[in-house]
Amino acid sequence: MLIRYFAAARAAAGSSEETRALTGRTSLAGLLTELAGANDKLADVIPACSYLLNGTAVAPRVASDAAQSPLVGDSDTLDVLPPFAGG
């Protein structure tokens with residue numbers, strides 16, 4: 001799975017993207033928990049982020065709710081988008 005980080009999420013992750021091997025399909029909520037558990041800085045940013053899964057917006061509430069969270073697999077792309085400011 002390709003995970004792309006933008007702005008503050010990129011700074012917290014320490015890179016603009018990473019590839020993560022998944023065994024089968026897992027919930028997006030589970031993946032976000034795993035990412036946060038591996039990086040304290042990213043753990044601080046993830047709750048404020050929005051997500052695009054294969055280019056389609058996933059509401060943060062849905063992304064973090066294990067019961068509603070979509071399943072993700074190796075061929076998917078996740079964009080992690082923190083709140084943006086500006087005009």
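Start with Leu31, Tyr51 and Leu78: these have the most contacts inside the largest nonpolar core, a set of 23 residues. A nonpolar core here joins buried Ala, Val, Leu, Ile, Met, Phe, Trp, Tyr and Cys residues through side-chain atoms within 4.5 Å. Buried means under 20% relative accessible area, exposed over 50%, partly exposed in between (1.4 Å probe, protein chains only).

This is a predicted model: local features need pLDDT of at least 70, side-chain atom pairs count only at pLDDT 80 or more, and totals for chains, interfaces and linings use all residues. Residues are numbered from 1 along each chain as its sequence is written, and side-chain values use heavy atoms, leaving out hydrogens and water.

Next, select helix 2 (28-38). Helix 2 gives the core five residues, the largest share. Helices (H or I, at least four residues) and strands (E, at least two) are DSSP runs, numbered from the N terminus.

Move on to the salt bridges. Each is a side-chain nitrogen of Lys or Arg within 4 Å of a carboxyl oxygen of Asp or Glu. The whole structure has four.

Select Glu18, Arg20 and Glu34, which are linked in a network. The closest N and O atoms are 3.1 Å apart for Glu18 and Arg20, and 2.5 Å apart for Glu34 and Arg20. Glu34 lies in helix 2 and Arg20 in a loop, so this pair ties together parts 14 residues apart in sequence.

Last stop: Arg25 and Asp76, bridged at 3.8 Å, N to O. They sit 51 residues apart. Arg25 is exposed at 53%, whereas Asp76 is buried at 9%.
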